[in-house]
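This report concerns the pairing of aromatic rings in a predicted model. A pair of aromatic rings is described by the distance of the centres and the angle of the planes.

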Amino acid sequence: MAIFLSILKILLIVILSIIGFALLIVLLVLLCPFRYKVGGEMYEDFAVDASVRWLFIKVLADFTKEKGFIMKLKVFGIPFFSSDKEKKEKKSKKSTDSKKDKDSKKQDKTDSGDSAEITETSGASDTAATETSDTSNITAATESSDTSNITAVSESSDTTDTSDNDKKEDTSIEGDDSSQKESFSVKINRAIDTITEKKDMILTKKDHIEQFLDRPYTIRTIERVKKALISILKMMAPKKGKGYLHIGLNDPADTGELLGMVSPFYWLYERWLTIDPDFNKKVLEGDLHIKGRLILIVIVIPAVRIYFSRDFKKTYALMKKI
């Protein structure tokens with residue numbers, strides 16, 4: 001009995017330790033923030049660098065005109081992946097392949113020189129062969145003149161037969177043209193029918209979507225989703241940073257419209273970004289350096305609330321029917 005109880009204790013300790021370890025991982029994922037940094041400059045040159053860190057994992061990304069896009073992965077400060085190394089390896093492979101191609105071309109040139117010497121020796125034997133071929137051509141010409149007279153008589157008899165066949169082919173071509181016209185009209189009618197069917201389908205779907213959006217539970221779910229997105233954007237907004245943007249388009253009216261489109265989001269960038277519009281010339285330059293963080297629990301909690309609500313279940317069931 002004591003042995004059985006000791007085995008149960010060991011099993012319970014193992015199970016509880018596994019559950020505790022799983023809960024620790026879940027809490028770390030939900031509560032430990034993802035920290036990000038973004039920096040960039042755009043004056044004469046264009047360069048961007050970004051990094052995302054979570055616990056002991058760090059992802060780095062750089063982009064420049066000269067080097068292109070480079071991505072790196074570090075765990076506990078130890079590099080595990082670098083796209084720059086892969087690019088260097090590809091370049092080294094290309095260089096080795098080009099060297100092999102050059103060596104093969106040199107070998108081909110040497111082989112062609114040897115073949116030229118062989119052709120010179122074979123030229124003497126070819127002259128002797130041509131002399132014998134001249135005598136054979138003279139005899140063949142006399143025989144061909146006799147056969148040509150015979151074939152001329154047979155061709156005159158064949159022309160009468162071909163004229164009858166041409167008349168039959170003309171009648172068959174007229175029948176084919178009528179069948180092609182009928183098939184073309186059938187294709188046009190089918191195309192018109194498919195277009196009308198698609199038009200009816202689009203109109204019916206439009207009606208279903210309008211009815212779906214007018215339902216009260218769909219309106220409530222959309223409002224909840226909007227509130228959740230606003231809270232997530234506030235959480236993701238940069239907490240520290242400095243930014244300057246000098247922008248101008250070809251037409252001053254276009255720059256004014258662009259400012260009008262950006263102004264509703266002023267609450268997101270008021271702390272770290274200053275926009276300098278230029279109404280006289282086309283300009284796009286500036287620099288940006290921001291820091292921020294994101295905690296997954298801010299996304300998970302409202303998502304779970306929305307998912308288990310009655311309104312969302314009704315809207316999801318109605319969405320499947322559309």
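## Aromatic pairs

Phe312 has a relative accessible area of 25% and therefore counts as partly exposed, since buried residues must fall under 20%. Its partner in an aromatic pair is Tyr316, which is likewise partly exposed, at 44% relative accessibility. The two rings are stacked, with 6.2 Å from centre to centre and 15° between the planes. Both residues belong to helix H7, which spans residues 310–321. They are four residues apart there, about one turn of the helix. Phe312 and Tyr316 also belong to one aromatic cluster, together with Tyr307 and Phe308.

The count of aromatic pairs in the model is seven. Another of them joins Phe34 and Trp54, whose planes meet at 15° with the ring centres 5.6 Å apart, so this pair is stacked. Phe34 is located in strand S1 (residues 34–42) and Trp54 in strand S2 (residues 46–54), so the contact ties together parts that are 20 residues apart in sequence. Phe34 is partly exposed, with a relative accessible area of 27%. Trp54, by contrast, counts as buried because its relative accessibility of 19% is under the 20% limit.

| Residue | Relative accessibility | Class |
|---|---|---|
| Phe34 | 27% | partly exposed |
| Trp54 | 19% | buried |
| Phe312 | 25% | partly exposed |
| Tyr316 | 44% | partly exposed |

Conventions:
Residues numbered from 1 in each chain as written. Predicted model: local features only at pLDDT ≥ 70, side-chain atom pairs only at ≥ 80, totals over all residues. Heavy atoms only, no water. Phe/Tyr/Trp six-rings, centres within 6.5 Å; stacked < 30°, edge-to-face > 60°. Helix = DSSP H or I, 4+ residues; strand = E, 2+ residues; numbered from the N terminus. Buried < 20%, exposed > 50% of the residue type's maximum accessible area, 1.4 Å probe, protein only.
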